[in-house]
Amino acid sequence: MELSGKNVLVTGGAGFIGSHLVDQLIKQGCTVRVLDNLTNGKLKNLSHHENNSRYEFVMGSVTDPFDVALVMEGIDVVFHLACLGVRHSIRHPFENHRVNAEGTVLLLQEARKQHVMKFIHCSSSEVYGTAQWVPMTETHPTHPCTVYGASKLAGEAYARAYHSTYGLNTVVIRPFNAYGPRSHHEGDAGEIIPKSIVRAMNGEAVLVFGDGLQTRDFTYVEDTAKGLVAAAESDHTAGLTFNIGSNFEISIGKLAEKIVEVVGNPAAHITHLENRPGDVLRLYADSTTFCKLTSWQPAVSFDAGLAKTVQWFKDRPEKLSELFGQESGANWQ
Ligand SMILES: NC(=O)c1ccc[n+]([C@@H]2O[C@H](COP(=O)([O-])OP(=O)(O)OC[C@H]3O[C@@H](n4cnc5c(N)ncnc54)[C@H](O)[C@@H]3O)[C@@H](O)[C@H]2O)c1
């Protein structure tokens with residue numbers, strides 16, 4: 001499918017990955033409508049598109065049938081990224097389910113009604129739970145550890161069901177952990193890399209929950225966004241489910257050491273705290289199937305991506321203490 005000239009809806013487009021996806025789609029000649037309720041997304045992530053006639057922002061919720069019907073009008077391709085996150089799900093399981101699972105059915109229903117050509121459902125590696133073997137192909141069992149993982153699994157099951165029952169062209173993408181500019185350090189949306197960068201820049205303790213032997217496969221956010229685009233462009237993805245990861249595994253302990261080193265504040269140090277509830281112990285992707293089918297490849301090495309991310313935080317206009325004040329440590333509590 002040629003995306004240039006298509007009308008595209010990005011749910012959650014003001015968020016971290018969503019805003020990079022919007023950048024990519026605008027660059028490729030799409031007309032992009034964003035639906036976001038700004039729970040965690042920020043308009044400033046998209047402010048550089050404000051005067052572009054091919055960009056439109058709609059403030060609304062994926063759980064509201066009226067909003068969903070309104071934004072779906074005239075849309076050729078949907079990228080569904082709106083969600084509430086892992087740590088949010090620990091304190092607010094039902095709300096998390098409503099947005100991540102029920103919101104997905106609502107969007108699928110409206111997409112079918114309005115004859116959308118393609119629906120890219122952004123799921124997550126969290127649907128797997130802890131790796132039983134590595135690297136993890138798409139056939140690895142799904143045993144989510146959190147309500148977030150479970151609600152993402154429900155959402156992707158609905159997407160596949162809309163393909164098999166109604167013939168809607170749905171594709172499920174399971175990104176492994178993404179990092180990069182615009183990632184969240186704040187509140188319950190905060191993720192390990194941005195939280196640790198902000199703490200290290202302030203000369204504070206970088207927090208490692210548990211023994212630090214947990215591993216993740218981190219992908220630079222622009223690569224993740226390009227993977228979502230590649231899924232839409234390919235004519236061989238309908239009804240299928242794919243991993244996108246970097247094929248690069250690092251322990252959280254090692255990651256914390258690297259962040260302290262790259263940030264370069266001599267006062268920064270590492271502290272171990274209790275385990276996070278529902279923490280997945282190991283994630284390491286095998287994305288071979290997707291790479292072969294679409295010719296997508298992660299292009300940014302972890303060291304290069306981490307350096308860019310640290311620089312982005314250093315260039316932020318806010319005072320360091322302000323950023324630190326937004327970081328909540330054990331952010332599921
Ligand atoms: N960040 C990662 O490491 C990662 C890894 C795997 C999968 N994912 C998936 O990628 C997608 C984007 O994640 P992200 O990291 O950019 O998170 P994010 O929180 O930055 O983006 C989600 C966006 O959804 C919006 N949103 C929340 N509730 C909404 C609602 N009811 N209606 C409309 N918009 C709503 C938020 O305001 C936010 O802008 C999600 O589907 C997530 O599950 C992320």
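Reader: What should I know before I start?
Author: This is a predicted model, in which local features need pLDDT of at least 70, side-chain atom pairs count only at pLDDT 80 or more, and totals for chains, interfaces and linings use all residues. Residues are numbered from 1 along each chain as its sequence is written.

Reader: Which domains does the chain have?
Author: The assignment gives domain 1 (7-178 + 220-244) and domain 2 (181-216 + 248-282 + 301-326). Such bounds come from an automatic or database domain assignment.

Reader: How far apart are their C-alpha centres, and how many residues make the contact?
Author: The centres of domain 1 and domain 2 lie 25 Å apart. Domain 1 gives 17 residues to the contact and domain 2 gives 12; two residues are in contact if their C-beta atoms, placed from the backbone, lie within 7 Å.

Reader: Which helix supplies the largest share on the domain 1 side?
Author: Helix H3 (86-91) does, with three residues. Helices (H or I, at least four residues) and strands (E, at least two) are DSSP runs, numbered from the N terminus.

Reader: Moving on, what is in the largest nonpolar core?
Author: That core has 90 residues, and Val-78, Ile-120 and Leu-228 have the most contacts inside it. Helix H5 (residues 147-166) supplies its largest share, eight residues. A nonpolar core is a set of buried Ala, Val, Leu, Ile, Met, Phe, Trp, Tyr and Cys residues joined through C-beta atoms within 7 Å. A residue is buried if 20 or more other C-beta atoms lie within 10 Å of its own, exposed if 12 or fewer, and partly exposed in between, with C-beta atoms placed from the backbone.

Reader: What does Leu-228 touch?
Author: Beyond its neighbours within four places in sequence, Leu-228 is in contact with Leu-21, Phe-79, Ile-120, Cys-122 and Ile-173.

Reader: Why is helix H6 largely enclosed?
Author: Helix H6 (residues 192-201) is largely enclosed by the rest of the structure because 10 of its 10 residues are buried. They pack against strand E7 (178-179), strand E8 (205-209), helix H8 (252-263), helix H10 (302-314) and helix H11 (320-326).

Reader: And what follows H6?
Author: Gly-203 follows H6, and its phi is positive, near 70°.

Reader: Lastly, which residues come nearest the ligand?
Author: Of the 33 residues around the ligand, those are Gly-12, Gly-15, Phe-16, Gly-41 and Ala-82; a residue counts as near if its C-beta atom, placed from the backbone, lies within 6 Å. Helix H1 (16-27) supplies the largest share of this shell, three residues.
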